[in-house]
Amino acid sequence: MRKKKLPARRLGFDLDGRVALVTGGSRGIGAACSELLARAGASVVVNFRTRQSDATRVVRRILKAKGQATAVGADVADPRQAQALIEETVDLYGSLHILVNNAAIWSEGPLLKMSVADWARMMATNLDGVFFTTQAAARHMRRQRSGSIINISSTAGQRGEAFHSHYAASKGAVIALTKSWAAELARHGVRVNCVAPGWVDTEMAAPGLVGSAKKEVLRSIPMGRVGQPEEIAAAVLFLAGEACGFANGEILNVNGGAVLCG
């Protein structure tokens with residue numbers, strides 16, 4: 001006799017009535033998060049910086065699946081735009097319950113050739129953007145006494161990454177911010193957690209997944225493959241919902257076993 005499946009609401013993955021904002025939601029992991037959160041019932045703001053047409057396509061897919069979503073442009077590295085993004089989200093849907101800090105860039109940067117501009121650009125998007133958006137969102141979440149903030153880090157932030165030290169530094173800092181904010185905001189009913197993906201099949205990672213470089217990457221992953229954006233989104237959904245309501249300050253590794261750390 002087949003066991004009856006529990007409904008999503010019983011499992012704690014039902015996000016009906018919730019409002020989610022996904023930064024960098026126009027492609028890759030951000031797009032997958034936007035679509036999965038919408039499938040779970042959340043109204044989703046799909047943030048983009050320059051790729052409006054991609055964000056619009058994500059919104060169309062959500063609407064076609066009977067979900068609710070809006071694309072909103074903002075550069076989260078600019079504190080005024082980050083603040084405006086939070087305000088527009090609340091104006092659109094009346095509140096903000098889930099923030100996914102996903103917007104990020106990745107580029108090669110050998111230490112001895114890295115310019116000040118290279119360093120500053122990486123930190124502006126990957127670190128400053130997380131700070132500005134979280135600060136603005138936390139003010140709102142504190143007033144409503146609830147919220148879930150999920151930062152996207154990387155295995156690079158856990159073990160370092162040669163020739164990409166600026167990226168690794170930014171993602172390691174995101175982990176430190178997650179733990180610090182988790183302790184600081186818990187008394188206001190706001191949880192802060194983090195997902196640390198390994199290699200994922202996205203446009204951003206594509207330059208590192210060609211030819212002999214891809215073979216080397218695959219050898220470093222016990223499961224023998226790279227991840228899919230939807231697998232990272234599933235981890236985000238888990239941390240966002242009530243099923244994971246006692247997790248705070250957690251770094252959830254989704255890397256195929258490439259980095260084994262608690």
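Let's start with helix 9, where Pro-229, Ile-232, Ala-233, Ala-235, Val-236, Leu-237, Leu-239 and Ala-240 are buried. Please keep in mind that this is a predicted model. What covers the buried residues of helix 9? The cover includes helix 2, residues 28-39, together with strand 4 at 98-101, strand 5 at 147-152, strand 6 at 190-197 and strand 7 at 251-254.

Helix 9 has 12 residues, 229-240, and at 1.5 Å a residue it should span 16 Å. Its end C-alpha atoms are 17 Å apart, which agrees with that expectation.

Now to the aromatic rings. How many aromatic pairs does the structure hold? There are 3, and I'll talk about two of them. In one, the ring centres of Phe-13 and Phe-238 are 6.5 Å apart and the planes sit at 50°. An angle under 30 degrees would count as stacked and one over 60 as edge-to-face, so this pair is tilted. Phe-238 brings us back to helix 9, while Phe-13 is in the loop between helix 1, residues 8-11, and strand 1, residues 19-22. The pair therefore ties together parts that are 225 residues apart in sequence.

Trp-106 comes out at 19% relative accessibility, and since buried means under 20%, Trp-106 counts as buried.

Ala-40 sits in the loop between helix 2 and strand 2 and is buried, at a relative accessible area of 13%. Setting aside neighbours within four places in sequence, Ala-40 is in contact with Phe-13, Asp-14, Leu-15, Asp-16 and Leu-237. Leu-237 is one of the buried residues of helix 9. From Ala-40 to Asp-16 is 7.0 Å, C-alpha to C-alpha, for a separation of 24 residues in sequence.

Next, strands 1 and 2. They run parallel, joined by 4 bridges. Ala-20 stands opposite Val-44, and Leu-21 has Val-45 as its bridge partner. In a regular strand, side chains alternate between the two faces of the sheet. For strand 1, both faces are covered, with Val-19 and Leu-21 buried on one side and Ala-20 and Val-22 buried on the other. In strand 2, Ser-43, Val-45 and Asn-47 point one way, Val-44, Val-46 and Phe-48 point the other way, and all are buried. With 6 of its 6 residues buried, strand 2 is therefore largely enclosed by the rest of the structure.

Asn-47 is a polar residue to look at in that strand. Its relative accessible area is 2%, so Asn-47 is buried. What does its side chain meet there? A polar atom of the Asn-47 side chain lies 3.3 Å from the backbone oxygen of Val-72.

Ser-153 counts as buried at 3% relative accessibility, and its side chain reaches the backbone oxygen of Lys-171 at 2.8 Å. Its contacts beyond four places in sequence include Lys-171, Val-174, Cys-194 and Pro-197.

And Cys-194 takes us to the last topic. How many disulfides does a search of the whole structure find? The search gives 0. Cys-194 is in no disulfide, and the nearest cysteine sulfur, that of Cys-261, is 10 Å away. That is too far for a bond, because a disulfide needs the sulfur atoms within 2.5 Å. Cys-194 is buried, with a relative accessible area of 0%, whereas Cys-261 counts as partly exposed at 32%. Thanks, everyone, and I'm happy to take questions.

Methods: Residues numbered from 1 in each chain as written. Predicted model: local features only at pLDDT ≥ 70, side-chain atom pairs only at ≥ 80, totals over all residues. Heavy atoms only, no water. Helix = DSSP H or I, 4+ residues; strand = E, 2+ residues; numbered from the N terminus. Expected span 1.5 Å × (residues − 1). Buried < 20%, exposed > 50% of the residue type's maximum accessible area, 1.4 Å probe, protein only. Contact = heavy atoms within 4.5 Å. Phe/Tyr/Trp six-rings, centres within 6.5 Å; stacked < 30°, edge-to-face > 60°. Polar contact = N/O pair within 3.5 Å; in protein donor to acceptor, adjacent residues only side chain to side chain. Pairing = 2+ DSSP bridges.
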